[in-house]
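Welcome! Have a look at the sequence and the 3D view, then read on.

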Amino acid sequence: MKLQFKHQKFQADAAKAIVNIGDNLYDKSDYLEEYRNGFVVKFIDGRDNSLEFLNGIKLYVGDVIGKVDENQLRRIQIRETILSHIQRERQLFYKGIKVLSLFFIDEVAKYKQYDASRQPYNGIYADIFLWIKKVR
């Protein structure tokens with residue numbers, strides 16, 4: 001199962017790794033304290049796309065736990081929407097069905113801003129889209 005988690009060396013972006021039963025996130029994260037207690041993969045269930053740790057925490061695909069700020073959460077939501085869009089597009093293209101995904105942005109400044117000389121620059125959401133395009 002592919003899992004995304006915080007890593008000591010990657011402050012802005014999470015590490016992605018294939019995990020197997022017995023893998024310890026504390027070790028894989030380069031010893032981040034938040035994974036110290038029991039984040040050892042106990043069970044992976046492909047039927048419901050879940051993963052359970054020795055500490056009893058069970059996660060499903062798309063779940064987020066721990067210290068997650070608003071920007072990290074938006075990055076995850078935007079990335080998952082884009083990945084889902086691409087997957088659906090591949091499934092429906094040959095049937096002649098066009099896929100449409102919408103993003104409702106709470107304020108324009110989070111996508112595009114202007115400096116004092118009226119020059120545009122990216123807001124946080126535009127930066128997230130560019131980051132996803134780069135790492136995809």
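## Salt bridges

Let us start with a pair of charged side chains: Arg-36 and Glu-33 meet in a salt bridge, with 2.9 Å from N to O. The term salt bridge is used here for a side-chain nitrogen of Lys or Arg within 4 Å of a carboxyl oxygen of Asp or Glu. Arg-36 counts as partly exposed, because its relative accessibility is 43%. On this scale, buried means under 20% relative accessible area, exposed means over 50%, and partly exposed is in between (1.4 Å probe, protein chains only). The structure holds 8 salt bridges.

Another of them joins the side chains of Lys-58 and Asp-48, at 3.7 Å from N to O. Lys-58 lies in strand S5 and Asp-48 in the loop between S3 and S4, so this pair ties together parts that are 10 residues apart in sequence. Both partners are partly exposed: Lys-58 has a relative accessibility of 35%, and Asp-48 has 31%. A further salt bridge links the side chains of Lys-110 and Asp-106, at 2.8 Å from N to O. Here Lys-110 is partly exposed at 23%, whereas Asp-106 is exposed at 55%.

## About the model

This is a predicted model, in which local features need pLDDT of at least 70 and side-chain atom pairs count only at pLDDT 80 or more, while totals for chains, interfaces and linings use all residues. Residues are numbered from 1 along each chain as its sequence is written, and side-chain values use heavy atoms, with hydrogens and water left out.

## The overall plan

The protein chain has 3 helices and 7 strands. These are DSSP runs numbered from the N terminus (helices are H or I with at least four residues, strands are E with at least two). Along the sequence, the pattern reads β-β-α-β-β-β-α-β-β-α. Of the 136 residues in the protein chain, 25% are buried.

In which order do the strands of the open sheet stand? The order is S3-S4-S5, and the pairing of these 3 strands is antiparallel. S3 (41-45) and S5 are at the edges with a single partner strand each, so one side of each has no neighbour in the sheet. From one strand to the next, the twist averages 15°, an angle between N-to-C directions of axes fitted to C-alpha atoms, on a scale from 0 to 180 degrees.

Strands of a sheet pair through backbone hydrogen bonds, either parallel or antiparallel. S4 (residues 50-53) pairs with S5 over 3 bridges; two strands count as paired if DSSP finds at least two bridges between them. Leu-51 has Leu-59 in S5 as its bridge partner.

## Nonpolar cores

Leu-51 and Leu-59 turn up again in the largest nonpolar core, which has 10 residues, including Val-19, Tyr-35 and Phe-39. Helix H1 (25-28) and S4 each supply at least two residues of this core. A second, separate core of 7 residues includes Ile-78, Ile-82, Tyr-125 and Trp-131. A core here is a set of buried Ala, Val, Leu, Ile, Met, Phe, Trp, Tyr and Cys residues joined through side-chain atoms within 4.5 Å. In soluble globular proteins, nonpolar side chains tend to be buried together.

Val-64, Val-68 and Leu-73 make a nonpolar surface patch of about 180 Å². Patch residues have over 30% relative accessible area and no salt bridge, with nonpolar side chains (Val, Leu, Ile, Met, Phe, Trp, Tyr) joined within 5 Å and like charges within 9 Å. Areas come from the Shrake-Rupley method with a 1.4 Å probe, and for residues only the protein chains shown count as cover. Val-68 lies in the loop between S5 (58-60) and helix H2 (70-92), and counts as partly exposed because its relative accessibility is 32%.
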